[in-house]
Amino acid sequence: MAFLELQALCKRYGPVQAVVATDLSVSQGEFVSLLGPSGCGKTTTLQMIAGFVDVTSGRIVLDGRDITHAKPSSRGLGVVFQSYALFPHMSVRDNVAFGLKMRKVSSSDIRTRVDQVLALVRLTAHAERYPRELSGGQRQRVALARALVIQPPVLLLDEPLSNLDASLREEMQFEIRRIQCEVGITTLMVTHDQAEALSISDRVVVMQAGQVTQIDEPYKLYEHPRTPFISGFVGKANLLPGEYDTLGQPQVLAQAGEGELMLSLRPEKIDLCNAGEGRIQGRIVTRYFLGSQWLYRLETVLGEITVVRRNDGSAPLGTGVAVGLDWPHELLRVLDREACA
(Lines give C-alpha, C1' and ligand atoms only; values in the text may rest on other atoms or scores of the structure.)
Protein backbone atom coordinates (compact mmCIF):
# COMPACT_ATOMS: atom_id res chain seq x y z
CA MET A 1 0.00 0.00 0.00
CA ALA A 2 1.27 3.46 -0.91
CA PHE A 3 2.50 5.66 1.94
CA LEU A 4 2.49 8.86 -0.14
CA GLU A 5 0.15 9.28 -3.11
CA LEU A 6 -0.20 11.99 -5.72
CA GLN A 7 -3.54 11.68 -7.46
CA ALA A 8 -3.99 13.63 -10.73
CA LEU A 9 -1.97 16.46 -9.18
CA CYS A 10 -2.04 19.66 -11.26
CA LYS A 11 -0.65 23.16 -11.00
CA ARG A 12 -1.58 25.98 -13.35
CA TYR A 13 -0.27 29.53 -13.44
CA GLY A 14 -2.91 31.25 -15.55
CA PRO A 15 -2.84 29.51 -18.94
CA VAL A 16 0.47 27.76 -18.16
CA GLN A 17 0.31 24.13 -16.98
CA ALA A 18 3.35 23.74 -14.75
CA VAL A 19 2.38 20.22 -13.62
CA VAL A 20 -0.08 18.09 -15.59
CA ALA A 21 -2.25 15.39 -13.91
CA THR A 22 0.60 13.68 -12.07
CA ASP A 23 0.00 10.29 -10.45
CA LEU A 24 2.63 8.76 -8.18
CA SER A 25 2.57 6.17 -5.40
CA VAL A 26 5.54 5.99 -3.04
CA SER A 27 6.00 3.12 -0.59
CA GLN A 28 7.13 3.64 3.00
CA GLY A 29 10.92 3.75 3.19
CA GLU A 30 11.34 4.18 -0.57
CA PHE A 31 13.79 6.64 -2.16
CA VAL A 32 12.28 8.24 -5.26
CA SER A 33 13.89 10.91 -7.44
CA LEU A 34 12.06 13.41 -9.64
CA LEU A 35 14.39 13.90 -12.60
CA GLY A 36 14.16 16.36 -15.47
CA PRO A 37 15.51 19.58 -16.99
CA SER A 38 14.83 23.06 -15.62
CA GLY A 39 11.20 24.06 -15.98
CA CYS A 40 9.83 20.52 -16.23
CA GLY A 41 7.68 20.82 -13.08
CA LYS A 42 9.69 18.67 -10.67
CA THR A 43 10.37 21.42 -8.10
CA THR A 44 6.77 22.65 -8.32
CA THR A 45 5.63 19.08 -7.58
CA LEU A 46 7.90 18.90 -4.52
CA GLN A 47 6.70 22.30 -3.31
CA MET A 48 3.07 21.21 -3.59
CA ILE A 49 3.86 18.15 -1.47
CA ALA A 50 5.59 20.41 1.09
CA GLY A 51 2.65 22.82 1.07
CA PHE A 52 4.63 25.81 -0.21
CA VAL A 53 2.66 25.97 -3.48
CA ASP A 54 -1.13 25.68 -3.68
CA VAL A 55 -2.58 22.76 -5.61
CA THR A 56 -4.80 23.67 -8.57
CA SER A 57 -6.46 20.26 -8.71
CA GLY A 58 -5.84 16.69 -7.58
CA ARG A 59 -4.96 15.26 -4.17
CA ILE A 60 -1.95 14.54 -1.96
CA VAL A 61 -2.49 11.68 0.48
CA LEU A 62 0.03 10.86 3.21
CA ASP A 63 -0.44 7.64 5.18
CA GLY A 64 -4.17 7.70 4.42
CA ARG A 65 -4.61 11.39 5.34
CA ASP A 66 -5.53 14.00 2.72
CA ILE A 67 -2.99 16.82 3.15
CA THR A 68 -3.73 18.60 -0.15
CA HIS A 69 -4.72 21.87 1.52
CA ALA A 70 -3.05 21.41 4.91
CA LYS A 71 -0.64 24.10 6.11
CA PRO A 72 3.07 23.26 5.71
CA SER A 73 3.61 23.26 9.48
CA SER A 74 0.84 20.70 10.03
CA ARG A 75 2.27 18.24 7.50
CA GLY A 76 5.37 17.57 9.58
CA LEU A 77 7.58 16.94 6.56
CA GLY A 78 11.36 17.36 6.56
CA VAL A 79 12.68 19.64 3.82
CA VAL A 80 16.26 20.28 2.71
CA PHE A 81 16.49 23.32 0.47
CA GLN A 82 18.95 23.91 -2.33
CA SER A 83 20.53 26.78 -0.37
CA TYR A 84 20.45 24.79 2.93
CA ALA A 85 18.85 27.87 4.62
CA LEU A 86 20.96 27.58 7.78
CA PHE A 87 20.90 30.31 10.42
CA PRO A 88 24.38 31.90 10.24
CA HIS A 89 24.26 33.23 13.83
CA MET A 90 23.46 29.81 15.31
CA SER A 91 25.83 26.94 16.02
CA VAL A 92 25.40 23.58 14.33
CA ARG A 93 23.69 22.25 17.47
CA ASP A 94 21.27 25.18 17.64
CA ASN A 95 20.48 24.96 13.92
CA VAL A 96 19.59 21.31 14.30
CA ALA A 97 17.60 21.90 17.49
CA PHE A 98 15.56 24.79 16.07
CA GLY A 99 12.63 22.72 14.79
CA LEU A 100 12.34 20.86 18.07
CA LYS A 101 12.28 24.10 20.05
CA MET A 102 9.47 25.41 17.84
CA ARG A 103 7.56 22.22 18.67
CA LYS A 104 8.18 22.85 22.39
CA VAL A 105 10.02 19.56 22.92
CA SER A 106 11.62 19.28 26.36
CA SER A 107 15.25 20.33 26.75
CA SER A 108 16.40 16.83 27.71
CA ASP A 109 14.69 15.29 24.68
CA ILE A 110 16.14 17.97 22.42
CA ARG A 111 19.68 17.23 23.60
CA THR A 112 19.20 13.47 23.16
CA ARG A 113 17.69 13.72 19.68
CA VAL A 114 20.20 16.32 18.47
CA ASP A 115 23.11 14.19 19.71
CA GLN A 116 21.67 11.16 17.92
CA VAL A 117 21.18 12.90 14.60
CA LEU A 118 24.59 14.63 14.72
CA ALA A 119 26.17 11.23 15.21
CA LEU A 120 24.13 9.91 12.28
CA VAL A 121 25.48 12.60 9.93
CA ARG A 122 28.96 12.41 11.48
CA LEU A 123 29.07 15.96 12.79
CA THR A 124 29.36 15.39 16.56
CA ALA A 125 32.80 16.99 16.63
CA HIS A 126 31.44 20.10 14.88
CA ALA A 127 28.40 20.69 17.09
CA GLU A 128 29.58 24.07 18.42
CA ARG A 129 30.83 25.47 15.12
CA TYR A 130 28.96 27.99 12.99
CA PRO A 131 27.93 27.46 9.34
CA ARG A 132 30.66 29.81 8.10
CA GLU A 133 33.25 27.53 9.69
CA LEU A 134 32.05 24.46 7.78
CA SER A 135 32.72 23.08 4.33
CA GLY A 136 29.93 22.83 1.77
CA GLY A 137 29.46 19.14 2.45
CA GLN A 138 29.30 19.72 6.20
CA ARG A 139 26.68 22.47 5.78
CA GLN A 140 24.67 20.11 3.63
CA ARG A 141 24.76 17.50 6.41
CA VAL A 142 23.64 20.09 8.97
CA ALA A 143 20.61 20.86 6.80
CA LEU A 144 19.92 17.14 6.51
CA ALA A 145 20.22 16.68 10.28
CA ARG A 146 17.85 19.58 10.92
CA ALA A 147 15.25 17.98 8.64
CA LEU A 148 15.65 14.53 10.21
CA VAL A 149 15.66 15.51 13.88
CA ILE A 150 11.92 16.27 13.87
CA GLN A 151 11.37 12.63 12.81
CA PRO A 152 9.28 13.47 9.74
CA PRO A 153 7.23 10.85 7.87
CA VAL A 154 8.73 12.03 4.57
CA LEU A 155 12.00 13.75 3.67
CA LEU A 156 11.95 16.17 0.72
CA LEU A 157 15.27 17.08 -0.92
CA ASP A 158 15.30 19.98 -3.40
CA GLU A 159 18.50 19.78 -5.49
CA PRO A 160 20.48 19.14 -2.28
CA LEU A 161 23.85 18.71 -4.00
CA SER A 162 23.73 21.48 -6.60
CA ASN A 163 26.02 23.82 -4.63
CA LEU A 164 28.82 21.28 -4.23
CA ASP A 165 31.79 20.68 -6.51
CA ALA A 166 31.87 17.51 -8.62
CA SER A 167 33.99 15.31 -6.36
CA LEU A 168 32.07 16.29 -3.23
CA ARG A 169 28.74 15.76 -4.97
CA GLU A 170 29.57 12.14 -5.64
CA GLU A 171 30.69 11.59 -2.06
CA MET A 172 27.59 13.27 -0.62
CA GLN A 173 25.08 11.45 -2.81
CA PHE A 174 26.22 8.15 -1.33
CA GLU A 175 26.21 9.72 2.14
CA ILE A 176 22.57 10.76 1.67
CA ARG A 177 21.67 7.23 0.62
CA ARG A 178 23.52 5.75 3.62
CA ILE A 179 21.62 8.01 6.01
CA GLN A 180 18.29 7.38 4.29
CA CYS A 181 18.77 3.61 4.50
CA GLU A 182 19.87 3.76 8.14
CA VAL A 183 16.85 5.84 9.16
CA GLY A 184 14.47 4.08 6.76
CA ILE A 185 12.68 7.31 5.89
CA THR A 186 10.50 7.78 2.81
CA THR A 187 12.40 10.24 0.60
CA LEU A 188 11.66 12.31 -2.51
CA MET A 189 14.56 14.10 -4.17
CA VAL A 190 14.42 16.65 -6.99
CA THR A 191 17.44 16.67 -9.30
CA HIS A 192 18.43 17.49 -12.87
CA ASP A 193 21.49 15.26 -12.60
CA GLN A 194 20.80 11.80 -14.04
CA ALA A 195 23.90 10.29 -12.39
CA GLU A 196 22.60 11.28 -8.94
CA ALA A 197 19.14 9.92 -9.65
CA LEU A 198 20.34 6.62 -11.09
CA SER A 199 22.96 5.91 -8.42
CA ILE A 200 20.95 6.26 -5.21
CA SER A 201 17.23 5.94 -6.03
CA ASP A 202 14.92 2.97 -5.74
CA ARG A 203 12.85 4.46 -8.55
CA VAL A 204 13.21 7.47 -10.84
CA VAL A 205 10.36 9.64 -12.12
CA VAL A 206 11.30 11.39 -15.38
CA MET A 207 9.42 14.62 -16.04
CA GLN A 208 9.19 16.65 -19.24
CA ALA A 209 7.10 19.76 -19.87
CA GLY A 210 5.09 19.24 -16.68
CA GLN A 211 4.31 15.60 -17.40
CA VAL A 212 5.60 12.31 -16.04
CA THR A 213 7.00 10.37 -19.00
CA GLN A 214 8.39 7.27 -17.28
CA ILE A 215 8.63 5.82 -13.77
CA ASP A 216 11.04 2.94 -13.33
CA GLU A 217 13.91 1.44 -11.41
CA PRO A 218 17.21 3.10 -12.43
CA TYR A 219 18.56 0.09 -14.34
CA LYS A 220 15.32 -0.44 -16.24
CA LEU A 221 15.02 3.26 -17.01
CA TYR A 222 18.50 3.33 -18.47
CA GLU A 223 18.22 0.09 -20.41
CA HIS A 224 14.63 0.55 -21.60
CA PRO A 225 13.91 4.26 -22.14
CA ARG A 226 10.43 4.90 -23.45
CA THR A 227 10.97 8.07 -25.52
CA PRO A 228 13.73 9.84 -27.48
CA PHE A 229 13.86 12.50 -24.74
CA ILE A 230 14.42 9.95 -21.97
CA SER A 231 16.95 8.07 -24.06
CA GLY A 232 19.07 11.21 -24.46
CA PHE A 233 18.47 12.77 -21.04
CA VAL A 234 19.17 9.64 -18.99
CA GLY A 235 22.69 8.93 -20.23
CA LYS A 236 24.06 9.25 -23.75
CA ALA A 237 22.32 7.63 -26.70
CA ASN A 238 22.54 7.29 -30.46
CA LEU A 239 19.14 7.74 -32.13
CA LEU A 240 19.08 5.68 -35.30
CA PRO A 241 16.49 5.01 -38.02
CA GLY A 242 15.25 1.44 -38.10
CA GLU A 243 12.74 -1.08 -39.34
CA TYR A 244 11.48 -4.55 -38.44
CA ASP A 245 13.17 -7.49 -40.13
CA THR A 246 11.36 -10.57 -41.46
CA LEU A 247 11.32 -12.06 -37.95
CA GLY A 248 9.77 -8.95 -36.44
CA GLN A 249 13.00 -7.84 -34.74
CA PRO A 250 14.17 -4.19 -34.90
CA GLN A 251 17.23 -3.47 -37.02
CA VAL A 252 19.11 -0.34 -38.01
CA LEU A 253 18.73 0.84 -41.60
CA ALA A 254 21.75 0.13 -43.76
CA GLN A 255 21.76 3.70 -45.08
CA ALA A 256 20.48 7.13 -44.12
CA GLY A 257 16.74 7.62 -44.40
CA GLU A 258 13.49 7.85 -42.47
CA GLY A 259 12.80 4.45 -40.97
CA GLU A 260 9.51 3.20 -39.59
CA LEU A 261 11.21 2.98 -36.19
CA MET A 262 13.33 5.24 -34.06
CA LEU A 263 15.93 3.18 -32.24
CA SER A 264 18.17 3.99 -29.29
CA LEU A 265 21.63 2.46 -28.95
CA ARG A 266 23.86 3.33 -26.00
CA PRO A 267 27.44 4.35 -26.91
CA GLU A 268 29.01 1.73 -24.62
CA LYS A 269 27.05 -1.06 -26.35
CA ILE A 270 28.88 -0.49 -29.65
CA ASP A 271 32.07 -2.37 -30.53
CA LEU A 272 34.74 -0.94 -32.81
CA CYS A 273 36.32 -3.45 -35.17
CA ASN A 274 38.53 -3.51 -38.23
CA ALA A 275 37.46 -1.52 -41.28
CA GLY A 276 35.31 -3.66 -43.57
CA GLU A 277 33.87 -5.65 -40.64
CA GLY A 278 30.78 -5.00 -38.51
CA ARG A 279 27.32 -3.74 -39.41
CA ILE A 280 28.31 -0.30 -40.74
CA GLN A 281 31.50 1.57 -41.50
CA GLY A 282 32.74 4.78 -39.94
CA ARG A 283 35.65 7.15 -39.54
CA ILE A 284 36.78 8.71 -36.26
CA VAL A 285 36.22 12.46 -36.30
CA THR A 286 37.11 13.39 -32.71
CA ARG A 287 38.05 11.66 -29.48
CA TYR A 288 37.85 12.72 -25.83
CA PHE A 289 39.70 11.27 -22.86
CA LEU A 290 37.36 10.81 -19.85
CA GLY A 291 39.80 9.04 -17.52
CA SER A 292 38.20 5.63 -17.24
CA GLN A 293 36.84 5.84 -20.80
CA TRP A 294 37.50 7.12 -24.30
CA LEU A 295 34.63 8.80 -26.11
CA TYR A 296 34.76 8.72 -29.91
CA ARG A 297 32.59 10.56 -32.41
CA LEU A 298 32.43 8.82 -35.77
CA GLU A 299 31.15 9.85 -39.17
CA THR A 300 28.98 7.13 -40.73
CA VAL A 301 26.37 6.74 -43.48
CA LEU A 302 23.75 7.20 -40.74
CA GLY A 303 25.29 10.44 -39.50
CA GLU A 304 27.45 11.01 -36.45
CA ILE A 305 27.57 8.14 -33.96
CA THR A 306 29.08 8.27 -30.47
CA VAL A 307 31.01 5.30 -29.10
CA VAL A 308 32.39 4.89 -25.57
CA ARG A 309 35.19 2.40 -24.91
CA ARG A 310 36.75 1.41 -21.60
CA ASN A 311 40.23 2.74 -21.03
CA ASP A 312 42.22 -0.49 -20.78
CA GLY A 313 45.58 1.29 -20.89
CA SER A 314 46.22 0.71 -24.58
CA ALA A 315 46.82 3.52 -27.05
CA PRO A 316 43.63 5.21 -28.28
CA LEU A 317 42.50 5.18 -31.89
CA GLY A 318 43.54 8.26 -33.84
CA THR A 319 41.31 10.74 -35.63
CA GLY A 320 40.71 9.87 -39.28
CA VAL A 321 41.01 6.11 -38.67
CA ALA A 322 38.49 3.97 -40.57
CA VAL A 323 36.72 1.37 -38.42
CA GLY A 324 33.72 -0.93 -38.45
CA LEU A 325 30.91 -0.64 -35.93
CA ASP A 326 29.06 -3.63 -34.54
CA TRP A 327 26.53 -4.31 -31.78
CA PRO A 328 24.25 -7.08 -30.49
CA HIS A 329 20.87 -6.52 -32.13
CA GLU A 330 19.04 -7.30 -28.85
CA LEU A 331 20.46 -4.11 -27.33
CA LEU A 332 18.51 -1.89 -29.75
CA ARG A 333 15.57 -0.16 -28.04
CA VAL A 334 12.45 0.91 -29.93
CA LEU A 335 11.32 4.39 -28.84
CA ASP A 336 7.89 6.00 -28.80
CA ARG A 337 8.17 8.97 -31.16
CA GLU A 338 4.85 10.46 -30.13
CA ALA A 339 5.20 10.57 -26.34
CA CYS A 340 5.55 14.19 -25.15
CA ALA A 341 6.47 15.28 -28.67
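**Exercise 1.** Find the residue of β18 that stands opposite Arg 283, and place the strands around it.

*Solution.* Start with Arg 283, which stands opposite Ala 322 in β18. Next, take the strands: β15 (residues 280-289) is joined to β18 by four bridges, and the two run antiparallel. Strands here are DSSP runs of E with at least two residues, helices are runs of H or I with at least four residues, and both are numbered from the N terminus. Two strands pair if DSSP finds at least two bridges between them. Then turn to β14 (residues 271-274), which pairs with β18 (residues 322-326) in the antiparallel sense over four bridges. There, Asp 326 in β18 is the bridge partner of Asp 271.

This is a predicted model, in which local features need pLDDT of at least 70 and side-chain atom pairs count only at pLDDT 80 or more, while totals for chains, interfaces and linings use all residues. Residues are numbered from 1 along each chain as its sequence is written, and side-chain values use heavy atoms, with hydrogens and water left out.

**Exercise 2.** Give the strand order of the open sheet of four strands, and name the helix that packs on it.

*Solution.* The order is β2-β1-β4-β5, with antiparallel pairing. The edge strands, β2 (16-26) and β5 (65-66), each pair on one side only. Helix α1 (residues 42-50) packs on this sheet and touches β1, β2 and β4 (57-62); contact means heavy atoms within 4.5 Å. The direction of α1 makes about 115° with that of β1. Axes are lines fitted to C-alpha atoms, for helices over the stretch in contact, and angles run from 0 to 180 degrees between N-to-C directions. Finally, β1 (residues 4-13) is joined to β2 by seven bridges, and Tyr 13 stands opposite Val 16 in β2.

**Exercise 3.** Explain why one side of β6 and one side of β10 are left without a neighbour in their sheet.

*Solution.* First, write the order of this open sheet of six strands: β6-β7-β8-β3-β9-β10, with mixed pairing. β6 (78-80) and β10 (211-216) stand at the edges and have a single partner strand each, so one side of each lacks a neighbour in the sheet. Neighbouring strands of the sheet are turned by 15° against each other on average, direction ignored. For β10, the pairing with β9 (residues 203-208) is antiparallel and spans five bridges. Within it, Val 204 has Asp 216 in β10 as its bridge partner. Last, helix α5 (residues 136-148) packs on the sheet, touching β6 and β7 (154-158).
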